[in-house]
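Reader: Could you take me through this structure? I would like to begin with the overall picture and then turn to particulars.

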Amino acid sequence: MGGKCPHRSVKKRRYSHKTARRTKFMLMGDDAVYDELQKMEGVMKSLPVDEDLPGMGQFYCLHCDRYFASMAVRDEHFKTKRHRKRVKQMMGPAPHTQLDADLAAGMGMPDNGPKLMSM
């Protein structure tokens, strides 16, 4: 006897909504985070209070571009494999930017050759 499985709709509920919400707070890409790290080297400033962010925006990981609810959660995050990989990635060479992609595709700045002296 054929037909659809009666439990087919259960699979749709397996998708975690947490991963969908995570992108709400992840605004910067790899190149933007890398630039921020280069600017912030050795300089620590206090974060502004923002009620919309977890932990009022006070507990932030610059490498991962994530906000945390408390200092304990942030300190646990610092011990994770994902954070350590991210730190290692950001300490390496600069990530690719849109300009690099345009130049590789041949859509970058034109090379018009040497300028001629006009008399």
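This is a predicted model: local features need pLDDT of at least 70, side-chain atom pairs count only at pLDDT 80 or more; totals for chains, interfaces and linings use all residues.

Reader: What pLDDT does the chain average?

Author: The average is 77, and 69% of the residues score at least 70; pLDDT is the predictor's confidence in each residue, from 0 to 100.

Reader: And where is confidence lowest and highest?

Author: Helix H1 (residues 17-25) is lowest, with a mean of 61, while helix H3 (residues 71-78) is highest, at 93.

Reader: How many helices and strands are there?

Author: The chain has 5 helices and 2 strands, arranged along the sequence as α-α-β-β-α-α-α. Helices (H or I, at least four residues) and strands (E, at least two) are DSSP runs, numbered from the N terminus.

Reader: At what angle do H2 and H4 pack?

Author: Helix H2 (residues 30-39) packs on helix H4 (residues 81-91) at about 75°, and their axes are 10 Å apart. The axes are lines fitted to C-alpha atoms, for helices over the stretch in contact, and angles run from 0 to 180 degrees between N-to-C directions. The two helices, H2 and H4, are therefore roughly perpendicular (65 to 115 degrees).

Reader: Which residues meet there?

Author: From H2, Asp30, Val33, Tyr34 and Leu37 meet Arg86, Gln89 and Met90 of H4; contact means heavy atoms within 4.5 Å.

Reader: Changing topic, which residues form the largest nonpolar core?

Author: That core has 6 residues, namely Val33, Tyr34, Leu37, Tyr60, Leu62 and Met90, and H2 gives the most to this core, with 3 residues. A nonpolar core is a set of buried Ala, Val, Leu, Ile, Met, Phe, Trp, Tyr and Cys residues joined through side-chain atoms within 4.5 Å. Buried means under 20% relative accessible area, exposed over 50%, and partly exposed in between (1.4 Å probe, protein chains only).

Reader: What does Val33 touch?

Author: Leaving out residues up to four places away in sequence, Val33 touches Met28, Leu62, His63, Asp65, Arg86 and Met90.

Reader: Finally, where is Pro54 found?

Author: Pro54 lies in the loop between H2 and strand S1 (59-61). Pro54 is partly exposed, at a relative accessible area of 27%.

Conventions: Residues are numbered from 1 along each chain as its sequence is written. Side-chain values use heavy atoms; hydrogens and water are left out. Angles under 35 degrees count as roughly parallel, over 145 as roughly antiparallel, 65 to 115 as roughly perpendicular and the rest as oblique.
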